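Trainee: I have a model open and some questions about it. Can we go through them one by one?

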Amino acid sequence: MMRLVASDIDGTILGHDGKISDRTIKAFQACRDAGVELVFVTGRPPRWLYPLQEQLGHSGIVICSNGAVVWDLETEKALSSCVLDAESVFEARRIIKSIRPDALFAVETLTGFQLEPGFIENETSELLAEFTPKPLAETLTADDAVVKFLAITREGTPDEFLAEVQPAVAHLVSTTHSAPRTAMLEMSVPGINKAVTLAQYAESLGIEAADVVAFGDMPNDIEMLRWAGHGYAMASGHPEAILAAGQQAPHFDDDGVAQILEAKLTEQRV
């Protein structure tokens, strides 16, 4: 029985063009019509969920920032959050700098975004129009509720950067990545990931893991894909995500999520 669908966003249902396909939109609507719960589980911060609202008309719950925030789109408020303290952020920053001196940093908070000069190379980025780069030492205070700490380097691959940094900062933060080509790490409170928060949300609905169908494509989805009774990695996804899931959805370009949902809805109607 499929009672809850939990889907990642970027690279899973949303392309580089910022679009969700018509077929995928119809498949999610069919799930709603069949009484299946929908929750989106993303590395994105709450301020960056507009594709769900504009294209899917979703007004429910979104698990954001790799599990650090449970966000209600209807009220635009956090229902719960797990935040990093500034002391942990600065110590993790110090350690990462000792490993990769060229690394630059940013933090997502419940109220905004703080980034160091050079963190974003594209001078025309909308983020630079909204947020002014400054050293974190000048902007981050003990009162800031940090839900995600970011580190970026222009050298090497995301996997290489993760392998170097993860063990060195494991006592301070939980580290993952979701960028296919950019060497950017995403860090949160130790023990927090998509699976932990999704499991809590499912339990609040009285839904067991066996009745959850989950979709993802990157290392930050691995725990979720393992936890769900039916975890599907996109065929176009990261090799480690595919290995962790044990099941594959067709390639993103072939509307893989929609194909799986259509098949499962048909099975439930029989």
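Mentor: Questions and answers on this predicted model follow.

Trainee: How many disulfides does the structure hold?
Mentor: A disulfide needs two cysteine sulfur atoms within 2.5 Å. The sulfur of Cys 64 is 13 Å from the closest cysteine sulfur, in Cys 82, so that pair is too far for a bond. For the structure, the number of disulfides is zero.

Trainee: Is Cys 64 buried or exposed?
Mentor: The cut-off for buried is under 20% relative accessible area. Cys 64 has a relative accessible area of 0%, so Cys 64 is buried.

Trainee: Where do the bounds of domain 1 and domain 2 lie?
Mentor: The centres of the two domains, taken over C-alpha atoms, are 25 Å apart. Domain 2 covers 84-186. Domain 1 is made of 2-79 + 191-267.

Trainee: What area do domain 1 and domain 2 bury between them?
Mentor: In contact are 16 residues of domain 1 and 16 residues of domain 2. Carbon and sulfur atoms account for 55% of the buried area. The total is about 1200 Å².

Trainee: Which side chain meets that of Arg 47 in a salt bridge?
Mentor: The rule finds one salt bridge across the interface of domain 1 and domain 2. Arg 47 has its salt bridge at 2.6 Å, N to O, and the partner is Glu 108.

Technical notes. Residues numbered from 1 in each chain as written. Predicted model: local features only at pLDDT ≥ 70, side-chain atom pairs only at ≥ 80, totals over all residues. Heavy atoms only, no water. Buried < 20%, exposed > 50% of the residue type's maximum accessible area, 1.4 Å probe, protein only. Domains from an automatic or database assignment. Contact = heavy atoms within 4.5 Å. Buried area = accessible area lost by both parts, 1.4 Å probe. Salt bridge = Lys/Arg side-chain N within 4 Å of Asp/Glu carboxyl O.
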